[in-house]
Amino acid sequence: MPKVKRVKITEGHTRDIKVAPADIRMVMNRPGRALITVTGEGTGPNGVKMAALRAMDHPLLATHITEAGGVLLRARGGPSMTIDQVESIRDFIWSKQRKVGADSAIIFFEMEYDENMGDRAQITITATGIP
């Protein structure tokens, strides 16, 4: 079992958030094509959003992740990363999926808190079930 990291939720509070193995299997078993896992990085107060946008617009992607039926979203960041920032990225991806008709799309996210990252944030996205 992987070690679970702490996640800063509000000042002085931490929480462990990880994707359950059954949820990973559910996303990976979606019918259709799968994308390679791509990572974006950002810094500063908008680092999480910047990292997500860079991952979503990665030059190696042949299609957009909003067409995916399943998405695994992994956020890794320093002390300033909050669950609200990661949930807003999840909600943004989900809203885009709805616009392209991916009504049965699923998204799972996990967060890893790493003090050594400082003000940097990394977002890693794996997308499956692409028509």
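Tutor: Strands here are DSSP runs of E, at least two residues long, numbered from the N terminus. In this predicted model, Asp 114 lies in the loop between strand S5 (106-113) and strand S6 (120-128).

Student: Why is Asp 114 called buried?

Tutor: Buried means under 20% relative accessible area. Asp 114 has 13%, so the residue counts as buried.

Student: What makes the link between the side chains of Asp 114 and Arg 76 a polar contact?

Tutor: The cut-off is 3.5 Å between N or O atoms, one able to donate a hydrogen and the other to accept it. The side chains of Asp 114 and Arg 76 are joined at 2.6 Å. Beyond four places in sequence, Asp 114 is in contact with Arg 76, Gly 77 and Gly 78.

Student: How do you know that Thr 126 is buried?

Tutor: The relative accessible area of Thr 126 is 12%, and the limit is 20%, so the term applies. Thr 126 is in strand S6. Residues up to four places away aside, Thr 126 touches Met 28, Leu 35, Thr 37, Gly 70, Val 71 and Leu 72.

Student: Which residues of helix H2 (residues 47-56) are buried?

Tutor: They are Gly 47, Val 48, Ala 51, Ala 52, Ala 55 and Met 56.

Student: Why are the buried residues of H2 said to line one face?

Tutor: Seen down the axis of H2, they fall within an arc of 165°, so they line one face of the helix.

Student: Where does pLDDT stay under 50?

Tutor: Over residues 1-13, for which the model has 34 contacts beyond four places in sequence. Where pLDDT is low, predicted coordinates should not be read in detail. The chain averages a pLDDT of 78, and 82% of the residues score at least 70.

Key
Residues are numbered from 1 along each chain as its sequence is written. This is a predicted model: local features need pLDDT of at least 70, side-chain atom pairs count only at pLDDT 80 or more; totals for chains, interfaces and linings use all residues. Side-chain values use heavy atoms; hydrogens and water are left out. Buried means under 20% relative accessible area, exposed over 50%, partly exposed in between (1.4 Å probe, protein chains only). Helices (H or I, at least four residues) and strands (E, at least two) are DSSP runs, numbered from the N terminus. The arc is that of the directions from the helix axis to the C-beta atoms. Contact means heavy atoms within 4.5 Å. pLDDT is the predictor's confidence in each residue, from 0 to 100.
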